[in-house]
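Q: Can we go over the pockets in this one? Keep it brisk, please.

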Amino acid sequence: MHLDSAQEKLFRGEAGEAKQLAMEIATKVGDAVGADSLVPIKSAHVLAHYSSLHEAGIEVLERFANAGGKFGVPTTVDPASIDLENWASFGIPEEFARKQLRLCQAYAKLGGIQCWTCVQYQVCNFPKRGEAVAWAESSSVVFANSIIGCRSNKITAGLDIACAILGLTPEFGMLKDENRVANLAFNLSIDRPSDLDYRSIGFFIGRKAASRLPALGGLPGNVTSDDLKHLGAGAAAAGPVTMIHFPGITPGSPSLNAAAGGEHVEKIDITRSDLKAVEEELNQTSETPDLVALGVPHLSITELGQLAKALKGRRLKTGSKMYAYTSSQSYDMATRTGIRADIEASGARLSQSTDAEISPLKGMGFNIVLTNSAKLAEIISAEGEVKMRYASLSDILSEVTR
């Protein structure tokens, strides 16, 4: 990898231990992926949740922080493994919380923005088209490349902190024009997709596309950014998807032909039977759930308002629990506007700064979880500790409320 003179100085440690360590990580990864150089980024989004990083993650963040490291670009962070304000009331084991809080302290010492969410692009991290960023959250990377039109690879743990400190990232993958051309096209052949359909469409694309870069046509004109958020999350959970061209929505992709660079590509129709197959795959059991988990990725304030309306006049059945996850920023807005009170009048709870994907569900006493998130159903079921059920919001409310 070619380094300029300023980067050479960082590599030799002339700007301190933290930047030298960051350069070692960035250049080793860059060499491994065939990058020629390091390029500037406008922002970073890193991981600091204990459930995935464990003791090694604490050691890495604390090492950077104790060596005087500071983030060189605006840096946000994925959800923590606990509700940072109310973790005790959710039954989080104290030892688990203590370790998460060490990660929080190290992240703060590095100068990170206190925005613990997987939808940073909706509340606190707003790149514009064409900018390079280094984001570590899989669903947000799909959103960045596909909807915003900025450029990011799915940055791994360790490299994310290095990029944030340096304000640089290896130039490879989705940062290069030649890797952003669609070479597979899907067409949606169903009318009026439901909330669950958008998640299942993404999951189907992720399974079928594998390492190919997909385009998706046939979306209805009223598709929302929240619909596309959940679609992208499903795709990224099912396969190594980092971008989906949505002709007419994705910047620079007014048509399928433009998305594919004028080349002929394989086309696959997505039918109702395909989505039913996804639902069957993600349903592991028909047992009664002991938790309903909504908000993976985090619910926007718009979605929280819709949930409040859907719950109006309903109460959770005895023994049922429902947690809706969101960012601290949307939680505060929901509190001020009365949306939180409306949701919690049903017996459901709003949780901030964390989500079910990275919570210690088993340790909290849950064995059967019902969700409308394809991402959550796929990832949690793969871990094997908790059984998952997957259903639309309307079906969920019919089952667990009265």
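Q: How much space lies in the largest pocket?
A: About 540 Å³. A pocket is an open set of points on a 1 Å grid over the protein atoms alone, where a 1.4 Å probe fits, with protein on both sides within 12 Å along at least five of seven lines. Its volume is the space filled by probe spheres set on the points, which are joined across faces, edges and corners.

Q: Which residues are closest to its centre?
A: His49, Ser52, Glu357, Ile358 and Glu383, out of 29 lining residues. Lining means having an atom within 4 Å of a point.

Q: Is this model predicted or experimental?
A: Predicted: local features need pLDDT of at least 70, side-chain atom pairs need 80 or more, and totals for chains, interfaces and linings use all residues. Numbering starts from 1 along each chain as its sequence is written, and side-chain values use heavy atoms, without hydrogens and water.

Q: Which element gives the largest share of that lining?
A: H15, with 4 residues. Helices are DSSP runs of H or I, at least four residues; strands are E runs, at least two; both are numbered from the N terminus.

Q: What about the second largest pocket?
A: About 420 Å³ of space lies there. Of its 21 lining residues, Asp195, Arg199, Asp227, Glu303 and Gln306 are closest to the centre.
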